[in-house]
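I opened this one up to see how the chain is put together. Notes follow in the order I looked things up.

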Amino acid sequence: GAMPNEGELVNGLGMEYVHIPVEWDKPTHDDLDAFLKAMDEHKGKSILVHCQANYRASGFVALYRVLKLG
């Protein structure tokens, strides 16, 4: 459900685009691992996290805060 040119639009605004495709009703441990890795790689930077409905993104951010930030 992502916009076909979402990465180009974001990059065009001077931001770095990291796309982690997550199946709507089946987020996996691998999806979470990819998210945690991306967050760690961008530690100390301003980060905008989003998804279509903000369910998975909110869950992943909460898990990052608990697992990585204590």
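I started with V10, which sits in helix α1. A reminder to myself before going further: this is a predicted model.

I asked which residues V10 is in contact with, leaving aside neighbours within four places in sequence. The list came back as M15, E16 and Y17.

Next I checked how far V10 is from F35, 25 residues along the chain. Their C-alpha atoms are separated by 18 Å.

I then moved on to N11, also found in helix α1. Not counting residues up to four places away in sequence, N11 touches E16 and Y17. Both E16 and Y17 also turned up in my list for V10.

Where is P21? I found it in the loop between α1, residues 6-12, and α2. I looked up its accessibility as well: P21 has 56% relative accessibility, and the cut-off for exposed is over 50%, so P21 counts as exposed.

I also took the distance from P21 to A34. The two are 13 residues apart in sequence, and C-alpha to C-alpha I get 9.7 Å.

**Aromatic pairs**

How many aromatic pairs does a search of the whole structure find? I got two.

I wrote down the details for F35 and F60, which form a tilted pair. Their centres are 5.5 Å apart, with 45° between the planes. F35 belongs to helix α2, residues 29-41, and F60 to helix α3, residues 55-69, so this pair ties together parts that are 25 residues apart in sequence. I checked burial too, and F35 and F60 are both buried.

**Whole chain**

With those details noted, I stepped back to the overall fold. I count three helices and zero strands in the protein. Along the sequence the pattern reads α-α-α.

Does the radius of gyration agree or disagree with a compact globule? For 70 residues such a globule would have a value near 11 Å; the protein has 12 Å, so I noted that it agrees. I also boxed the C-alpha atoms along the principal axes, and they fill roughly 35 × 30 × 20 Å.

What share of the 70 residues counts as buried? I get 23%, and F35 and F60 are among the buried residues. The protein exposes about 5,400 Å², with carbon and sulfur atoms supplying 55% of that area.

For contacts, I took those between residues at least 6 apart in sequence. Of these, 50% join residues at least 24 apart.

Last, I looked at charges. The protein has 7 positive and 10 negative ones. I compared the mean positions of the two sets and found them 7 Å apart.

Terms used:
Residues are numbered from 1 along each chain as its sequence is written. This is a predicted model: local features need pLDDT of at least 70, side-chain atom pairs count only at pLDDT 80 or more; totals for chains, interfaces and linings use all residues. Side-chain values use heavy atoms; hydrogens and water are left out. Helices (H or I, at least four residues) and strands (E, at least two) are DSSP runs, numbered from the N terminus. The radius of gyration is taken over C-alpha atoms; the globule rule is 2.2 Å times the number of residues to the power 0.38. Buried means under 20% relative accessible area, exposed over 50%, partly exposed in between (1.4 Å probe, protein chains only). Contact means heavy atoms within 4.5 Å. Accessible areas come from the Shrake-Rupley method with a 1.4 Å probe; for residues, only the protein chains shown count as cover. Lys and Arg count as positive and Asp and Glu as negative; His and the chain ends are not counted. The place of a charge is taken as NZ of Lys, CZ of Arg, CG of Asp or CD of Glu. Rings of Phe, Tyr and Trp (its six-membered ring) pair if their centres lie within 6.5 Å; planes under 30 degrees apart count as stacked, over 60 as edge-to-face and the rest as tilted.
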